[in-house]
Amino acid sequence: MAGGVVLITGAGQRLGAATARRLMDAGYFVMVHVRTSVEPAEELLSEAERRNGRVCGCIVQADLTVDDALEAMVNQVKEHRLVVQQGLFGIIHNASFYSQSNFEETSLEQYRNLNRLHMEAPYFLTQQLLPDLRRGQGSVVAIVDTSWGRAWSGLAHYTSSKAGLRQLMLNLAGELSDIPVNCVAPGAIMAADWEAEHFTKVLEKVPLGRSGKAEDIAAAVHHLLVTPSLSGHVLHVDGGWSMNEG
Ligand SMILES: NC(=O)c1ccc[n+]([C@@H]2O[C@H](COP(=O)([O-])OP(=O)(O)OC[C@H]3O[C@@H](n4cnc5c(N)ncnc54)[C@H](OP(=O)(O)O)[C@@H]3O)[C@@H](O)[C@H]2O)c1
């Protein structure tokens, strides 16, 4: 195996799966975390094995909003034979739950769940797996978004938890002396054909006038992982959208 071991959360489908695919094809062993997408993840792994002629990864399953599940997942990662041997080369905090919801109608429980998913799980996973990252000379990448500094209707719960994740990562980039920590901020990334109609309106605001592809996010993550002098960056992959008014 040319690369090291990389853990990606929420990697059974869409952007996470594209990132897993790219890293597996580049020689990494990818621990594909899922909550429910077991079948797509199995397909992702068997296709990668067919293409590359080797076992390219494994599945770890957990609901990241449940403390016991999170702890069990940490142990599963730590006890994996390859992690024991060589540590971790990367953790990609990608898992997310996007929904629009009026501020006045969004319950505290919904908000807490999103904070657990976007902030607490990345906090705990990074903290608990730090010794493994150190042994593997690894780095951390969080997938945030381009909402920073602006108001987005119906998204206060989502954008504020992503802002927390972004600040957590930037803080760690300064605080951890030996682990590079960065973010990728996707703009309008079309991960499925059914999103085309929604994106038509969004693209009027994007200087490049086209949506990104899941593979663009995968390439950005890969670039950050293999460039150890990069730390504390938020790499916007958004066709210039964040340069314009929301
Ligand atoms: N798509 C875009 O245009 C866009 C734009 C800006 C930012 N982003 C960010 O880019 C990343 C990937 O985007 P995406 O659209 O591919 O993400 P997504 O499909 O919304 O979510 C990725 C995965 O997160 C997992 N997940 C959800 N709730 C979970 C929970 N409670 N515990 C564990 N896992 C959970 C799901 O896993 P299962 O399927 O296994 O249940 C899901 O497949 C996200 O962080 C997103 O916020 C995307």
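This is a predicted model: local features need pLDDT of at least 70, side-chain atom pairs count only at pLDDT 80 or more; totals for chains, interfaces and linings use all residues.
Colleague: Let's start with the rings. How many aromatic pairs does the structure hold?

Modeller: It holds 3 aromatic pairs. Let's look at two of them in turn.

Colleague: How are the rings of Y98 and Y158 arranged, stacked or edge-to-face?

Modeller: Planes over 60 degrees apart count as edge-to-face. The planes of Y98 and Y158 stand at 80°, so this pair is edge-to-face, with ring centres 5.1 Å apart.

Colleague: Which parts of the chain does that pair tie together?

Modeller: Y98 sits in the loop between strand 4 and helix 5, while Y158 belongs to helix 7, so the pair joins parts that are 60 residues apart in sequence.

Colleague: And which of these residues is buried?

Modeller: Buried means under 20% relative accessible area. Y158, at 9%, counts as buried, whereas Y98 is partly exposed at 48%.

Colleague: What about W152 and W241, stacked or edge-to-face?

Modeller: Use the angle between the planes again. For W152 and W241 that angle is 85°, so the pair is edge-to-face, and the ring centres lie 5.7 Å apart. This pair also links distant parts of the chain: W152 is in the loop between strand 5 and helix 7, and W241 is in the segment after strand 9, 89 residues apart. W152 is partly exposed, with a relative accessible area of 21%, but W241 is buried, at 8%.

Colleague: Which residue lies over the face of W148?

Modeller: That is R166, at 4.2 Å from the ring centre.

Colleague: Now the helices. How should I read the packing of helix 1 and helix 2?

Modeller: Begin with the angle between the axes: under 35 degrees counts as roughly parallel. The axes of helix 1 (residues 14-25) and helix 2 (residues 38-52) cross at roughly 25° and come within 10 Å. The two helices are therefore roughly parallel to each other, and the crossing is right-handed.

Colleague: Which residues make the contact?

Modeller: Among them are A17, A20 and M24 of helix 1, with L44, L45 and A48 of helix 2.

Colleague: At what angle do helix 1 and helix 9 pack?

Modeller: Helix 1 and helix 9 (residues 214-225) pack at about 50°, their axes 8 Å apart. That angle makes helix 1 oblique to helix 9. Helix 1 passes helix 9 in a right-handed crossing. The contact includes L15, A18 and R22 of helix 1, and I217, V221 and L225 of helix 9.

Key: Residues are numbered from 1 along each chain as its sequence is written. Side-chain values use heavy atoms; hydrogens and water are left out. Rings of Phe, Tyr and Trp (its six-membered ring) pair if their centres lie within 6.5 Å; planes under 30 degrees apart count as stacked, over 60 as edge-to-face and the rest as tilted. Helices (H or I, at least four residues) and strands (E, at least two) are DSSP runs, numbered from the N terminus. Buried means under 20% relative accessible area, exposed over 50%, partly exposed in between (1.4 Å probe, protein chains only). A charge sits over a ring if NZ of Lys or CZ of Arg is within 6 Å of the ring centre and within 35 degrees of the ring normal. Axes are lines fitted to C-alpha atoms, for helices over the stretch in contact, and angles run from 0 to 180 degrees between N-to-C directions. Angles under 35 degrees count as roughly parallel, over 145 as roughly antiparallel, 65 to 115 as roughly perpendicular and the rest as oblique. A crossing is left-handed if the near helix is turned anticlockwise from the far one by less than a right angle, and right-handed if clockwise. Contact means heavy atoms within 4.5 Å.
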